[in-house]
Each structure stands twice: as structure tokens, then as C-alpha cells.
Amino acid sequence: MSKMLVATLREVPAEAEIKSHQLMLRAGLMRKNAAGIYSWLPLGLRSLRKVEQIIRDAMDSHGALEVLMPALLPAETYQASGRWEVFGPDMFRLKDRGERDFCLGPTHEEVFTELVKNEVKSYKALPMTIYQIQSKYRDERRPRFGVMRSREFIMKDAYSFDKDEAGLDKSYQNMYAAYCQAFDTMKLDYIVVDADSGAMGGSGSQEFMVKSEVGEDTIAFCDACGYAANSEKAPCIPTKVDCPAGDLPLEKIHTPNVKTIEELQQYMNCGAELFVKTIVYTADEKPVAVMVRGDREVNEVKLKNYLNCQELALAEPAIVQEVTHAAVGFAGPIGISCDLLMDSEVEQMQNFVVGANETDYHYKNVQLNRDFTPTAVLDLRTIVTGDACPHCGKPIGTAQGVEVGHIFKLGTKYSKALNAAVLDENGKSNVVVMGCYGIGVSRCLAAVIEQYSDEKGIVWPVSVAPYHVVVVPANNKDEVQMQLAEQMYEQLLAQGIEAVLDDRAERAGVKFKDAELMGFPVRITAGRSSGDGIVEYVERTADEKLELSPEEAVKKAVDYIKGQLG
Ligand code: ATP
Ligand code: MG
């Protein structure tokens with residue numbers, strides 16, 4: 001370690017909000033160059049390479065072929081599929097000296113499709129799954145949490161090519177199995193959830209999620225039947241609330257300055273579930289209003305899929321005023337001048353309260369079809385804890401999750417756009433059927449640390465630890481200690497253990513603190529009892545310190561490490 005770049009920090013860096021980000025900086029695994037852009041230091045790179053290798057082994061053992069594509073790509077590659085436009089500001093773009101457009105690849109569907117189009121002529125070469133492990137570039141709106149969401153990150157991206165849907169199903173299941181193998185080996189505690197496949201193409205998709213409060217996705221899961229889905233995707237079953245009974249007459253009420261649901265609740269002295277809120281969006285610049293119960297949230301993914309639009313955003317105040325003829329805060333379904341979509345749950349309500357499309361007014365006792373008629377009624381809300389499970393009806397739970405992997409049945413979206421076809425048994429040309437499969441390699445490493453740490457530092461699972469064992473001479477100046485430490489270190493190396501010797505001229509306390517922070521699975525210390533043939537053995541996961549002979553300590557470490565590696 002005297003020759004290593006040890007870059008541990010005692011203080012928690014102010015820029016790091018979450019555990020894994022703090023620990024990756026403090027343990028000296030990486031350093032920041034710019035927002036969402038990091039350098040990997042020697043210790044971090046060793047672990048990163050292990051994660052990569054675990055993924056590579058899983059892919060290779062499931063028959064996938066590794067390639068390496070360029071990250072620097074010409075615009076034409078993405079123009080044929082339309083994604084040169086679709087990626088918008090997320091794509092890093094640049095020009096060469098001849099003013100030709102290039103980008104740094106955010107994902108590589110087009111590049112792989114082109115390869116297969118050019119190199120594979122017959123169905124006989126299929127099925128084929130090709131992958132790479134490579135840096136990806138996305139100018140994320142909110143890079144944060146270190147390498148959890150960065151602008152340059154390492155991804156394993158794989159693409160499967162089949163002659164038909166049945167083949168795709170098999171390739172997809174094969175990748176599912178490969179992913180389970182990889183995440184199991186990393187010791188990640190994950191769940192697989194149904195995911196949104198987007199409006200365009202795609203017949204199925206699942207995400208591998210690591211439950212964590214720092215996750216930016218919400219997972220809906222059912223303990224009763226095992227159902228699990230991204231909340232973007234989970235269908236909602238409408239529930240009924242106790243609305244006032246009878247066919248009450250529509251009433252306009254004066255509600256000066258009552259603009260939010262909270263203010264309305266106070267003013268009317270009743271719960272938000274008796275109101276219906278109307279939210280105006282613009283979908284590719286066209287305004288559209290969406291109604292959901294007052295205590296619900298609009299699910300923008302469901303909305304976007306239904307509208308089949310590129311850009312969806314909350315409408316600017318000017319647009320809201322134009323379609324409601326009122327100040328912002330008083331939108332409602334009666335007399336609104338744009339399409340009106342209604343969440344199915346509102347069908348279960350009567351005599352409810354809405355904005356009146358008139359500044360400082362609301363309507364009460366509103367009835368669907370008597371007072372207004374929506375353009376369409378569909379599931380447009382986001383599932384919440386306690387909602388009925390869409391499979392079995394029991395109450396749903398929710399948790400935050402980090403998406404570490406995504407598998408996706410693409411179908412023929414890219415093969416059609418780029419005309420990637422092969423000849424079938426009868427000599428007829430057919431477009432290939434594709435799947436795509438991503439793993440966030442650098443995000444996985446952060447997720448492992450998020451799951452495996454304590455107040456002292458990282459607690460690496462052996463499979464991704466940068467080194468397995470650290471051997472510490474407590475006092476470098478003591479020749480007996482130093483000699484014994486060196487001897488154990490050599491013995492560990494000889495048995496294939498990745499060992500490191502902390503021969504730095506530091507106090508024992510500093511070495512122990514660093515060892516804990518860096519999270520080595522085993523520490524063996526040659527201290528004061530070295531002369532009596534006794535050393536100290538401690539596993540990072542256990543507090544117990546054992547006094548053993550050097551031979552016993554080395555053997556115990558070897559057995560433990562080899563046992564953990566399986
Ligand atoms: P997210 O919803 O988190 O932005 P995504 O749906 O954009 O992810 P994909 O395009 O499916 O992600 O990319 C495949 C994998 O790459 C993801 O499952 C994730 O693990 C990882 N990934 C995506 N964006 C980033 C990023 N900005 N930083 C680190 N890893 C990322
Ligand atoms: Mg993304």
C-alpha cells in the first residue's frame with residue numbers, strides 16, 4: 001500500500017448526498033471532474049472491472065457475443081431511426097473539422113442493427129445476441145448521486161436478433177437468466193418488475209430493481225401474489241368514495257383565491273377525494289386537459305403512451321388561461337376549450353367539486369355526462385400504497401428502487417426502420433425481430449455499496465471487493481511484525497488470494513480505519529503478539545477478532561474467500 005494511490009478522506013464531502021456516493025469518494029474509489037463525470041482511481045477501477053467481468057461471464061455463458069462499437073458516431077446512424085431528433089438535449093452532439101454532425105452514443109440500437117443488416121444474410125445465422133461493455137453519454141437533466149446518474153457512465157448493452165416472435169421470447173428469457181446470474185453474483189438484493197414499453201413498439205419489458213430509499217423509481221409490489229411493477233406501468237383499479245348522494249343541482253360557488261387542492265380542502269372543509277382536479281398539459285404543443293381525483297397524481301407515462309407524443313409537459317400559464325378563460329388554479333371540465341381526458345376512477349364519483357374555468361369560482365355537485373362529457377376515459381393515475389393489486393386485489397405496497405438493468409422486447413421497430421432483413425426457409429426476405437438489454441455497470445457498483453456498508457465504511461461482498469485481504473503490520477519499525485506480515489502476504493498471494501500489505505509508515509489506528517473504510521473482506525494484523533506466534537484475524541462483516549497462529553489465519557482467510565466466491 002506504500003506504492004498505492006490511497007485517497008481516503010476522513011470528512012464527508014459536501015457534494016455527496018447519498019451513502020454510496022459519500023463512500024466512493026471517502027474510500028478513494030473515484031473523483032469528480034465535472035457534474036456527472038468521474039475518474040476511476042485504482043481501487044475503484046478494480047471493483048468496476050470485477051462488476052464488468054461478472055456481467056461478461058454471465059453474458060458469455062448464455063451464448064452472447066462480445067463486440068466493441070465506437071462511442072463517437074455519425075449523425076446518419078441515428079437519423080434513419082428518427083432518434084437524432086427524439087433524443088433532443090439528452091444527446092451530446094459535436095461536429096468534425098468538415099462540419100459533419102456526430103454524437104457520443106447514448107445507446108446503440110441503430111449501430112447493432114446496422115451490423116446485423118450488413119453481416120447476416122440468412123435466418124440460419126440466427127438467433128444471435130451481441131453485446132458490448134462501453135461508456136455511454138447522456139446529458140442528463142439532473143446528474144446526481146455520483147455514478148448512480150452520471151453523464152458519462154458504463155453500460156453493458158446487448159441486442160438479440162431472431163427470425164420471429166417465438167425466437168425473441170426465447171432470447172429474452174435467456175437474457176433474463178443471464179441477468180439473474182450477474183446480479184446474484186454481485187450479491188445485489190433485487191426484484192424484477194414489469195416496466196413500461198413505451199408508446200412505440202415493444203411488446204414487453206422488465207426492470208431489475210434494487211430496493212433503496214435513494215431510488216428514483218417507485219416499485220409497486222404485492223406480497224400476497226408476488227406481482228411487481230414500476231409504478232409508471234402498474235394498472236390502477238378504480239376505488240369508490242362516499243360522494244354526496246342523489247342528483248343534486250349544479251352550483252357555482254365563489255372561492256376567492258382558492259387555487260390549490262389544499263386551499264380548497266380548507267375552504268370547503270372536506271377531503272380531497274371529493275374533488276376532481278383538472279391539469280392542463282401540452283403534448284407536442286397541443287393543449288390537453290386531464291382529470292383525476294383530488295388526492296391522486298396523474299401518471300405522465302400512461303398519458304404520454306395514450307397520446308403517442310414526443311414531448312409532454314405541464315402547460316405554460318398563458319396556455320392554461322387560453323383554454324380555461326381563467327387564471328391558473330381554476331381549470332375544470334365544464335366549458336374547457338381543449339381535449340379532456342378523464343381517469344376511470346372519476347366514473348365512480350358523483351356530486352363532486354371542480355374548477356369553474358372562471359377566476360375565483362368552482363362548481364359543486366358536478367355530474368359526469370350531465371354537466372360535461374370527456375373526450376376519453378382511461379386509467380391515467382399513479383398507483384399508491386394500499387391500492388388493490390391489479391392481479392389479486394390485495395393491498396399493494398410501494399418502495400423506491402434503483403434500476404440496475406432493463407430487458408426489452410423491441411420487436412421490429414429498428415429492423416423495419418433500417419431495413420435489417422434475412423432470408424427465411426423459403427428464400428423470402430423478413431425483417432429480424434429484436435430485443436435489447438441494458439445493465440448500468442457503474443450504477444451497479446454504487447448500488448452494491450448502497451446495500452453493503454456500515455458506519456465505518458464499505459462492507460464489500462467478496463465478489464466485487466477490490467482486494468480480498470489486507471495484511472497489516474501494526475508497527476512497521478518492528479521487524480518481527482513486518483516479517484510475519486510479509487510472510488502471510490506472500491502465502492495468501494501464492495494461494496490465489498488478492499491480498500494487499502499495508503506497509504505504509506502510518507499509525508496502526510490509521511491503517512485500521514482505512515481498511516474498514518475501503519471495506520476489505522478480511523484483515524489480518526501482525527501486532528504485539530507476533531513474537532509469540534499470534535496474529536489477529538477479523539472479517540469485515542463480523543466484529544469478532546480472533547487470535548490465531550499465522551498459519552491458521554492464512555488458512556481461515558483462504559477458506560473464507562474461496563467459500564464466498566463459490
Ligand atoms: P433511467 O430511468 O434510470 O434514466 P433508462 O431507462 O434511461 O434509466 P436505459 O436506457 O434502459 O436506462 O439504460 C440501461 C441501464 O443503464 C439502466 O438500467 C441503468 O442501470 C443504466 N443507466 C441509465 N442512465 C444512466 C445514468 N445516467 N447513469 C448511470 N447509469 C445509467
Ligand atoms: Mg434515462
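Author: Helices (H or I, at least four residues) and strands (E, at least two) are DSSP runs, numbered from the N terminus. The model is predicted: local features need pLDDT of at least 70, side-chain atom pairs count only at pLDDT 80 or more, and totals for chains, interfaces and linings use all residues. Residues are numbered from 1 along each chain as its sequence is written, chains are lettered from A and ligands numbered from 1 in the order in which they are written, and side-chain values use heavy atoms, with hydrogens and water left out.

Take ligand 1 to begin. A residue is near a molecule or strand if one of its heavy atoms lies within 4 Å of it. There are 14 residues around ligand 1. Arg-138, Glu-140, Arg-149, Ser-150 and Glu-403 come nearest.

Next, the polar contacts. A polar contact is a pair of N or O atoms within 3.5 Å; within protein, one must be able to donate a hydrogen and the other to accept it, and residues adjacent in sequence count only if both atoms are side-chain atoms. Arg-138 puts a polar side-chain atom 2.9 Å from an oxygen atom of ligand 1. Ser-150 uses its backbone: a polar atom there is 2.8 Å from a nitrogen atom of the ligand. Glu-403 has a polar side-chain atom 2.6 Å from a ligand oxygen atom.

How much of ligand 1 does the protein cover? On its own, the ligand has 580 Å² of accessible area, and the protein covers 82% of this. Accessible areas come from the Shrake-Rupley method with a 1.4 Å probe; for residues, only the protein chains shown count as cover. Strand E8 (152–162) and strand E21 (397–411) are the elements that give two or more residues to the shell. E21 gives the most, with four.

Ala, Val, Leu, Ile, Met, Phe, Trp, Tyr, Cys and Pro count as nonpolar, Asp, Glu, Lys and Arg as charged, and the others, Gly among them, as polar. The shell holds five nonpolar, four polar and five charged residues.

On a 1 Å grid over the protein atoms alone, a cavity is a set of points where a 1.4 Å probe fits but cannot get out, and a pocket is an open set with protein on both sides within 12 Å along at least five of seven lines; lining residues have an atom within 4 Å of a point. Grid points are joined across faces, edges and corners, and a volume is the space filled by probe spheres set on the points.

The structure holds one cavity of 30 Å³ or more. The largest cavity has a volume of about 80 Å³. Its lining includes Arg-149 and Glu-403, two residues already named around ligand 1. Phe-145, Met-148, Asp-217 and Arg-443 are among the other lining residues. E21 again gives the most, here with three residues. The lining divides into four nonpolar, two polar and five charged.

Last, the second largest pocket. It holds about 480 Å³ of space. Its lining has 23 residues, and Lys-259, Lys-277, Thr-278, Ile-279 and Gly-329 are the closest to its centre. Helix H7 (261–268), strand E14 (276–283) and strand E18 (352–355) each supply at least two lining residues. E14 gives the most, with six. This lining comprises 15 nonpolar, five polar and three charged residues.
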